[in-house]
Amino acid sequence: MSAMLEVRDLVVSYGKIKAVKGISFSVDQGEVVSLIGTNGAGKTTTLRTISGLMRPTSGSIRFMGKRIDDVAAHDIVTLGIAHSPEGRRIFPRLSVEQNLRLGAFARRDNEVGKDLKAVYELFPILEERSQQPAGTFSGGEQQMLAMGRAMMSRPKLLMLDEPSMGLSPIMMKRIMSTVTTLQQQGTTILLVEQNAQAALQRANHGYVLEVGKIVLKGSGKELLTSDEVRKAYLGED
Amino acid sequence: MTDLLQQLVNGLTLGSLYALIAVGYTVVYGIVQLINFAHGEVFMIGAFGALATWTLLFQGTTALWVLPIMILGAVVASVTVAVVMERIAYRPLRGAPRLAPLITAIGISVALQEAVRLFYPGAKSKIPFPQIDVVTGPALSFAGVTVQRAAVFTVGALLMSAALLWWFVNHTRTGHGMQAVSEDKDTARLMGVNVDRIIVIAFALGAFLAAIAGVAQGLLNANVDFRMGFLAGLKAFTAAVLGGIGNIQGAVVGGLVLGVAEALAVGFIPGQFGGSAWKDVWAFALLIIVLVFRPQGILGARVVDRA
């Protein structure tokens, strides 16, 4: 069986500068796959290219066997890829519920209300504050909203860009355990993180990116225990 | 007292006209952060569209039933021009430095005025606008206050258009997409919103209201002129900034405030600085005062950094 997401020899540039220099990786159905690496490694650029916000210079991206690297961003979500972007990017002046309903913008079925309930069950605080402007939320609450909004499109593949960024340890645990919950409910997840420990603990597979290249890959456990990762990302000698 | 009421009526009429045009500036700005300085010409084209419809189909008729068809003709003309303008002049410049679309807008504005002047029969001078039963004719009078019939049409058109627009933005799928795009384009695309389509719709909505304003202006003044879009556009832009650019309610409030302020200045400032000769000075003075003390406009939100 072929992978759900297959990225091959992907090169992405900003003008003359290559941010991603020929990476290949894949995500299988039902997996959590983590891309870890420091700032500027090309993680966010990779996700933005998969979701169609950027175009690759060369290489290919396949989703469920179909090439998507020339599909418009607004059509990619319809194919079943949701992207919770770096910095959350919730719509600050719109209410929580409006934000969540926009997550379902691409859908034409009538089960949006049902999914709204499911998101509220996952994050009860969102229901309590459903009519408040999302811009008044704390970082952790905005992260829940961003994840809930991405789930509203009923994605097959959920891409999370640095969900733990700027969160308290308690909130981070909460967010990371939600990742596991979503996986158990059948969502495939591509997780981008600087926090290697948190990301690899939950990953079936992981890839380490450094300045636009994949330097290491393996199962989550292998990477967690590998010397390179321990030294470079977990601050151990 | 009667004088005051009379000037308020005059001001609300003028203000409704400004507001109808101002909405177009603000809707487009809210979506693409572009000041479409050719929007005054979209209004002018609307007036000529209505006139052409009447001349071609109903020459000599003054019956009320031709009015909706004239409005339709105005809307078709304005929306077509606005959509084509977006497609061929603004879209290729998306992502270019801001000065480029601004200069383009001025170019389009001149080109449209000249096109009408040269190619619309008789447009080198003012052309009489058809007078329609019920909405034009002898003015109405309430307790000594004179109200032109076309003024009632203008204010009514603003109320209906504003209500319709409010409903569209808040209660349709496309309206929700517009809200998302105005907050954050890239993230809106991630939600599945086709941003190009939303931008075209923003131009079309603005043109729709400007077309109605064009008809209203024709009925009020009983003539149209290829230059009519210039000052009206400038005033409406002022109204949009006054109310808070990007905010639809702001455009309506800004238009009405500007219209009333102008009328009051004409009626009540004594001596050489009063009267209609100075009304534009007072209108722009009001803009400057508001910008000094409340740069975001009357209803504009202060721009807050995203958390």
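What percentage of the 307 residues in chain B is buried? The share is 51%, where buried means 20 or more other C-beta atoms within 10 Å of a residue's own, with C-beta atoms placed from the backbone.

Now, the ground rules. This is a predicted model, where local features need pLDDT of at least 70, side-chain atom pairs count only at pLDDT 80 or more, and totals for chains, interfaces and linings use all residues. Residues are numbered from 1 along each chain as its sequence is written, and chains are lettered from A in the order in which they are written.

Stay with chain B. It has 11 helices and four strands; these are DSSP runs, H or I of at least four residues for helices, E of at least two for strands, numbered from the N terminus. Its radius of gyration is 19 Å, close to the 19 Å from the globule rule, so chain B is as compact as a globular protein of that length. That radius is taken over C-alpha atoms, and the rule is 2.2 Å times the number of residues to the power 0.38.

Next, the interface. 20 residues of chain A are in contact with 16 of chain B, meaning C-beta atoms, placed from the backbone, within 7 Å. On the chain A side, α2 (73-79), α3 (96-103) and α6 (139-151) each supply at least two residues. α2(A) gives the most, with four.

Last, the sheet in chain A. Four strands form an open sheet, order β2-β1-β4-β5, with antiparallel pairing; pairing takes at least two DSSP bridges between two strands. β2 (17-27) and β5 (66-67) are at the edges with a single partner strand each, so one side of each lacks a neighbour in the sheet.

Notes
Contact = placed C-beta atoms within 7 Å. Buried ≥ 20, exposed ≤ 12 C-beta atoms within 10 Å, placed from the backbone.
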